[in-house]
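Subject: Structure for your review

Dear colleague,

Please find the structure below. My notes on it follow.

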Amino acid sequence: MKNLILTGVACAMASTVYAQIESVIAVTTPNGLGQRVTQAVVNYPEKTCLTAVKKNDFSVTNRTITEAKLTEQKCTNQVVLELDPQDADAATTEKDPNDRSAPYTERNISLTVKQVNSLASKSGKVKPSELTSSKVISQVVDDFQQAEFKDESGVVVKYNLFVPKNYDPNKAYPLVMFIHDAGSTNSNVKHTLLQGNGATSFASPSFQAKHEAFVLAPQFDHQIVNDKSEDPADLEPTINLIKSLATQYNIDQNRLYTTGQSGGAMMSIAMNIKHPDFFAASYIVAGQWEPSVTAPMAKNNIFVLVSENDAKAFPTENEIMKVLTANGANVQESHGWNAQDSVAELNKKVNALLAQGGNIHYASFTGGTLPMEQTSQSKGAAHMGTWGVAYNIDAIKEWMFSQRKNH
């Protein structure tokens, strides 16, 4: 992500500078395990003209500083402190420690920055000072707008929508929908943007530079699917939401995509079954459904990713592949991936699988290799840990956006 840059100003020459920290901005960025506070931007008065900083010149309460750097200006008054996203206090959401069954809530983000050493500047020494942040910038998340759609059935779907920065109504754009997992069920419409990067990865500047697209992220405050594979009550309203957006914006009907993790993957499967001609491609992460009813999606373009330690999703997906194959699908599989491989290595594995052809691509991680499995004793680590990796794999997203209906 780009650092915040303030307009440079001419430096005033003086023998001593008594400047203190003028403001601190907390910056959050998307992460596979949730939106994280990753920067403290420290601003001094305009004519401070800092010349050098080191990370041990500062401390941030309860945070680990990994790097301190000046912004690139002739006369800079701004220091960017990079913070370790693995810090316990880096998360932007939290659970009530006294009620683990309660939904996640947003944390009150606050960074207390202390300048512990004097800093060099063109006009003298800048003496130590301390200040607490008063502003938060949530990168990518802030680029989404929030709204509600009331279906003709009376069902209301709350959602987040990213509109391409340079949207041109004379140009047709693809749309990708991300559906969150059951654990992210929440009344806070923004929660799906904070709990991982399933939506934000598609709206990031780097992805949008390659694929200008709408990104839709519904937020449900109730469970939308169950393990009985019953027809979800929110399925048709969510499909109708996409149809409604297509009347407001120029959205390419041949380039609609859906993806989701766990419960969101189950909803995507259910949509493919009931509306097999609606989406150009789907990315199913740690999802399951009753195999015997999945035949209608045998002709669809689908990429499935799961952990082999996922007690429900992995064996169920194996059975789904048998049903799809029996109904005309060309299923290609690749298993035993190491989830701790670099993104570059995982991209190679994806491209090797895609090179085998077919319309259904099925991949799995070797059990025990997910980062969450290394740090958690939870039985769900092999399930929940999958989506911490899934949306970092560029090659899968590239494949999805290369798919078009009627081609």
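In which order do the 5 strands of the open sheet stand, and what is their pairing? The order is β5-β6-β2-β1-β13, and the pairing is mixed. Strands here are DSSP runs (E, at least two residues), as are helices (H or I, at least four), numbered from the N terminus; two strands pair if DSSP finds at least two bridges between them.

Before the details, a note on the source. This is a predicted model, in which local features need pLDDT of at least 70 and side-chain atom pairs count only at pLDDT 80 or more, whereas totals for chains, interfaces and linings use all residues. Residues are numbered from 1 along each chain as its sequence is written, and side-chain values use heavy atoms, with hydrogens and water left out.

The open sheet

β5 (65-70) and β13 (135-138) are the edge strands; each has a single partner, so one side of each lacks a neighbour in the sheet. The partner strand β6 (residues 78-83) runs antiparallel to β5, and 5 bridges join the two. Within this pair, L70 is placed opposite V79. N62 has a positive phi of about 65° although it is not a glycine, and it is exposed, at 56% relative accessible area. For the terms of burial, buried means under 20% relative accessible area, exposed over 50%, and partly exposed in between (1.4 Å probe, protein chains only).

Strand β18 and its surroundings

Of the 11 residues of β18, 8 are buried, so the strand is largely enclosed by the rest of the structure. β18 pairs in the parallel sense with β16 (residues 173-179) over 6 bridges, and also in the parallel sense with β19 (residues 281-285) over 5 bridges. Y173 has I251 of β18 as its bridge partner, while G260 stands opposite I284 in β19.

Y257 belongs to β18 (residues 251-261) and is buried, with a relative accessible area of 0%. Leaving aside neighbours within four places in sequence, its contacts (heavy atoms within 4.5 Å) include P174, V176, F279, A281, M400 and Q403. In the loop between β18 and α5 lies S262, a residue other than glycine whose phi is positive, near 55°. S262 is buried, with a relative accessible area of 13%.

Nonpolar cores

A nonpolar core is a set of buried Ala, Val, Leu, Ile, Met, Phe, Trp, Tyr and Cys residues joined through side-chain atoms within 4.5 Å. The largest has 47 residues, and L216, L245 and L324 touch the most other members. Helix α5 (residues 263-274) provides the largest share of this core, 7 residues. Apart from this core lies another, of 42 residues, among them V140, F207, Y283 and A395.

The largest pocket

The largest pocket holds about 1,300 Å³ of space. A pocket, on a 1 Å grid over the protein atoms alone, is an open set of points where a 1.4 Å probe fits, with protein on both sides within 12 Å along at least five of seven lines; lining residues have an atom within 4 Å of a point. Grid points are joined across faces, edges and corners, and the volume is the space filled by probe spheres set on the points. The lining comprises 50 residues, and L33, Y104, M372, M384 and W387 lie nearest the centre of the pocket. Among the elements that each supply at least two lining residues are α5, α8 (371-375), α9 (381-384) and α10 (387-390).

Yours sincerely
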